[in-house]
Amino acid sequence: MASGNIVQDSFLQSVLDASSHARQQCLHLVDLAERSALPASQTLPDTTKDQLSHLQRQLNADLGSLRESSREAIFEVRGTKQSTAEARQEIDRLHLQLQNLYYEERHLRGEISACESYDHPYQQLPLIPVEEFLDLKPEHTNDDEKQLMFARIGHELAEREALEQQRQGLLKRKHGLVAHNKKRKDDLASLDKDLETFID
């Protein structure tokens with residue numbers, strides 16, 4: 001697979017092109033040096049020396065440019081890694097925050113369902129039916145469910161207080177009657193004794 005198919009970035013593609021060009025120059029320089037190889041006792045012609053010298057200078061310039069491009073690419077990669085790490089940290093932070101919100105939502109839904117399913121004591125009160133209450137108190141016909149429940153509980157409280165007062169009154173009357181009956185019983189017993197003493 002050719003590197004051109006993998007690398008899409010134009011800067012990195014230019015670095016690869018410069019590297020390929022420097023490689024071709026190295027191969028050409030090696031090929032020229034091998035073709036013009038002479039025994040140690042002979043010297044190269046001046047044109048070949050000039051050509052080799054020119055190719056070496058050009059190769060050194062290309063290698064310097066390649067090193068500079070490589071350095072720039074490394075700095076760019078470092079910058080990209082840094083920005084990627086920062087973006088990943090932000091995503092992780094947001095993900096954690098989202099997970100916390102999901103947890104809080106589940107917790108609150110659980111609390112809401114627990115409150116909705118809670119068996120309140122007022123629901124077990126032996127209240128009169130709604131229809132009967134509305135017949136007694138028609139001013140509460142347009143009340144919502146909560147206000148209607150408060151009114152029914154208030155009505156039940158008033159009824160129970162009235163019944164309690166009535167019970168207390170009846171209890172006092174009962175005690176009075178018991179005391180009166182006891183007094184009469186005592187009177188009858190003393191009359192019995194008086195009658196017995198009178199008969200004797």
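## Basis of the description

Helices are DSSP runs of H or I with at least four residues, numbered from the N terminus. The model is predicted, with local features requiring pLDDT of at least 70 and side-chain atom pairs counted only at pLDDT 80 or more, while totals for chains, interfaces and linings use all residues. Residues are numbered from 1 along each chain as its sequence is written, and side-chain values use heavy atoms, leaving out hydrogens and water.

## Residue L63

L63 belongs to helix 3. With a relative accessibility of 26%, L63 counts as partly exposed (buried is under 20% relative accessible area, exposed over 50%, and partly exposed in between, using a 1.4 Å probe and protein chains only). Its C-alpha atom is separated by 16 Å from that of Q13, a residue 50 residues apart from L63 along the chain.

## Helix 2

Helix 2 comprises 26 residues and spans 37 Å from its first C-alpha to its last, close to the expected 38 Å (1.5 Å times one less than the number of residues). Its buried residues are V15, A22, Q25, L29 and L32. Helix 3 is included in what covers these residues, where contact means heavy atoms within 4.5 Å.

## Packing of helices 2 and 3

The axes of helix 2 (residues 10-35) and helix 3 (residues 46-117) come within 9 Å and cross at roughly 155°; axes are lines fitted to C-alpha atoms over the stretch in contact, with angles from 0 to 180 degrees between N-to-C directions. Helix 2 is therefore roughly antiparallel to helix 3, a term for angles over 145 degrees.

Terms used. Helix = DSSP H or I, 4+ residues; strand = E, 2+ residues; numbered from the N terminus. Parallel < 35°, antiparallel > 145°, perpendicular 65-115°, else oblique.
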